[in-house]
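Work through the exercises below with the sequence and the model open. Try each task before reading its solution.

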Amino acid sequence: MDFDDLYQNGRKRDLSSGKKIRFCCIFLVVALVTGLIVWKIIPRSPAKAVQADTKSQPAVSAEEKNVPEKNIGIPESSGKKPEKKKDLPSGKKGSRTVAVKEPVLTPAGQGEFLQKGIPGKEDISPDSDKPRIPEEKKMDAATSAGIAELEQLFEQKKLAEVSRSGNALMQTLTMGSVQYRKVLSLLTQANWQRFLSRDTTDDFAFRHTVKSGDQLGIIARKNKTTVAALMKANKIKRANLIQIGQKLTVLKGDWQIFVSKNCRLLILKRNNGVFAGFDIGIGRANKTPSEDFIISERLKHPVYRTSDGRIFKHGEKENQLGDYFLKMIPAHKTQRQRAGFGIHGTPDETTVTRSLSNGCIRMRNADVEMLYYLVPAGAPVHITD
């Protein structure tokens, strides 16, 4: 009786050890391939898909953020810490991209919402939604001559004299008037050019010699400036590339921001003198509060997250934050916490000076870039009517 007869009569054939191993290997390979095919075919959830897209976000490098938020915190009078934003994965290893969540959307009409920074049917008409520009109360021959002289000094590139004479002239002008805005523009351009050219005339800035143990972050904190400003003025490409004996130009000062909602102006002061001024847009329906705040964080190329959870990278059409975002937190414990509140740019600069945001201060991208470089975390912001 051969082997097949035994099998037909009910006896099972025994498999050799080699055959058993080959059978197991074939089974595992088939199972693995099947699992991979299923994993590729089944779609991921929308939330995970959105997160995956954020891996290509431009990261905020360490040198672009001069003082971490954890070193700023809340003033001693505050009993509640600000809400922390959720960090999203970044395409650059070792750094993080923070998504800025917008405030609650403003209802408009029948179940629709007014989009941040975009004019809607419910918005005030452009003819009515304008900055207040009062008549100049002190417009006389001396004032006219002073403005003409200031323009001539600027054309001659005598920038230090523009800074000195411009500040003195502004103290005599009416806030928000045409003449005030003209002098403010000249003063802003002169001071920014002096910063970029590392001018030290009239103690505008000073030279710091790098010593052993110096780091840009330490130098910035001691002098109330930013790492970004030190790198910009001194043309430093990487924050750790400074050498002992190297001379750095440092723009030291106490920085404060003053916002006039009626005039739609933001005034940047340094050591109580006007350093620069810019046009701004404010929130719809008086959503920009007239309160005091503190700059807590500075972001370059911010990611925009809407109140309904959608996320838009920098450069996408739907991203309404522009190139920079300066996050603000309340200065006093009695103030309401406001998530996603700050000063930022805008993709449509033609709408600056209008009230189209959900509360944030909107600026032209080139203007908010100056603030990003000059204003350190911890600087106060005073918003008034």
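**Exercise 1.** Classify Ala285 in this predicted model: buried or exposed? Then locate Ala285 in the chain and check its phi.

Solution. 
- Step 1. Take the relative accessibility of Ala285, which is 71%. Exposed means over 50%. Ala285 therefore counts as exposed.
- Step 2. Ala285 sits in the loop that links strand S10 (282-283) and strand S11 (292-300).
- Step 3. Read the backbone. Phi of Ala285 is positive, about 50 degrees, although the residue is not a glycine.

**Exercise 2.** Which residues touch the most other members of the largest nonpolar core? Which helix gives the most to this core?

Solution. 
- Step 1. The core has 38 residues. Leu266, Leu268, Ile343, Met363, Leu371 and Leu374 touch the most other members.
- Step 2. Helix H9 (residues 365-374) is the top contributor to this core, with six residues.
- Step 3. Take Leu371 and set aside neighbours within four places in sequence. Its contacts are Leu266, Leu268, Phe278, Leu326, Ile343 and Met363.
- Step 4. Look for a further core. A second one, separate, holds 19 residues, among them Leu186, Leu187, Ala190 and Ile267.

**Exercise 3.** Which residues form a nonpolar patch on the surface with about 370 Å² of accessible area together? Classify Ile37.

Solution. 
- Step 1. The patch consists of Val29, Val33, Ile37 and Ile41.
- Step 2. Ile37 is part of helix H2 (residues 17-41).
- Step 3. Ile37 has 45% relative accessibility, so this residue counts as partly exposed.

**Exercise 4.** What is the average pLDDT of the chain, and where does pLDDT stay under 50?

Solution. 
- Step 1. The chain average is 80, and 74% of the residues score at least 70.
- Step 2. Residues 45-96 have pLDDT below 50. Beyond near neighbours in sequence, the model gives this stretch 96 contacts.
- Step 3. Over residues 104-113 pLDDT also stays under 50. Here the model has 16 contacts beyond four places in sequence.

How values were computed: Residues are numbered from 1 along each chain as its sequence is written. This is a predicted model: local features need pLDDT of at least 70, side-chain atom pairs count only at pLDDT 80 or more; totals for chains, interfaces and linings use all residues. Side-chain values use heavy atoms; hydrogens and water are left out. Patches are made of residues with over 30% relative accessible area and no salt bridge: like charges are joined within 9 Å, nonpolar side chains (Val, Leu, Ile, Met, Phe, Trp, Tyr) within 5 Å. Accessible areas come from the Shrake-Rupley method with a 1.4 Å probe; for residues, only the protein chains shown count as cover. A salt bridge is a side-chain nitrogen of Lys or Arg within 4 Å of a carboxyl oxygen of Asp or Glu. Helices (H or I, at least four residues) and strands (E, at least two) are DSSP runs, numbered from the N terminus. Buried means under 20% relative accessible area, exposed over 50%, partly exposed in between (1.4 Å probe, protein chains only). pLDDT is the predictor's confidence in each residue, from 0 to 100. Contact means heavy atoms within 4.5 Å. A nonpolar core is a set of buried Ala, Val, Leu, Ile, Met, Phe, Trp, Tyr and Cys residues joined through side-chain atoms within 4.5 Å.
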